[in-house]
Amino acid sequence: MCSRLCLKIDLHKAFDSINRDFILCIMRSMGFPQIWCHWVKECIPSPTFSVLINGTPTGFITSTRGLRQGYPLSPFLFSMALEFFSIHMHLATESGRIHPLKRNVELHVSHLLFADDMLVFYRADKSSVHELNKLLEQLHLNTGLQVNRGKSKIYFSKSCKYKNELASILGVPISSFPTKYLGLPFDYLL
């Protein structure tokens with residue numbers, strides 16, 4: 001049996017750092033009609049800030065990043081941005097750059113996403129870890145979403161011999177079972 005790992009990813013200030021222009025770009029790439037993209041652009045709240053100089057507001061600065069939490073469209077728009085990661089994860093798995101976990105079934109689950117919580121499953125080998133690191137960098141460069149490596153965790157199957165080396169490539173601390181994801185135990189996955 002091959003060694004396996006699960007990476008539990010925490011995104012740093014996910015809703016605050018997402019690039020709004022990227023969301024509109026991904027909508028166009030998904031085939032949303034131009035009118036829909038325009039409506040979404042108009043609906044995304046763009047807060048403005050003013051600087052106080054000697055107690056008097058002077059000029060305005062418009063925000064270009066972030067989605068307001070609690071705003072009805074925010075979860076849907078955020079999930080569209082994470083679709084970018086899903087597509088690239090699927091392509092990396094299909095091309096063999098990331099080696100998925102195989103359980104003698106046709107369906108291979110490489111990752112789970114729920115809002116800003118991410119789990120990634122794959123074989124514990126250097127090539128997969130390096131490729132995932134590239135995908136996470138692409139995610140940051142394109143969407144503005146950055147992995148909080150201090151709060152993220154990596155879990156290994158008992159058979160893994162290179163835990164420290166693989167964890168250091170990602171810069172993520174090693175954790176152990178039992179643990180939960182969204183309140184449910186998931187130690188049986190590895």
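Reader: Which side chains meet in a salt bridge at 3.7 Å, N to O?

Author: The side chains of D125 and R123 do; a salt bridge is a side-chain nitrogen of Lys or Arg within 4 Å of a carboxyl oxygen of Asp or Glu. This is a predicted model, in which local features need pLDDT of at least 70, side-chain atom pairs count only at pLDDT 80 or more, and totals for chains, interfaces and linings use all residues. Residues are numbered from 1 along each chain as its sequence is written, and side-chain values use heavy atoms, with hydrogens and water left out.

Reader: Is D125 buried or exposed?

Author: D125 is buried, at 17% relative accessible area, whereas R123 is partly exposed at 27%. Buried means under 20%, exposed over 50%, and partly exposed in between (1.4 Å probe, protein chains only).

Reader: How many salt bridges does the whole structure have?

Author: A search finds 4. One of them joins E131 and R97 at 2.9 Å, N to O. E131 lies in helix α5 and R97 in the loop between α4 and β4 (111-114), so this pair ties together parts 34 residues apart in sequence. Helices (H or I, at least four residues) and strands (E, at least two) are DSSP runs, numbered from the N terminus.

Reader: Turning to α2, which of its residues are buried?

Author: In α2 (residues 20-29), R20, F22, I23, L24, I26 and M27 are buried. They pack against α3 (34-43), α4 (74-94) and α5 (126-143), where contact means heavy atoms within 4.5 Å.

Reader: What follows α2?

Author: G31 follows, with a positive phi near 90 degrees.
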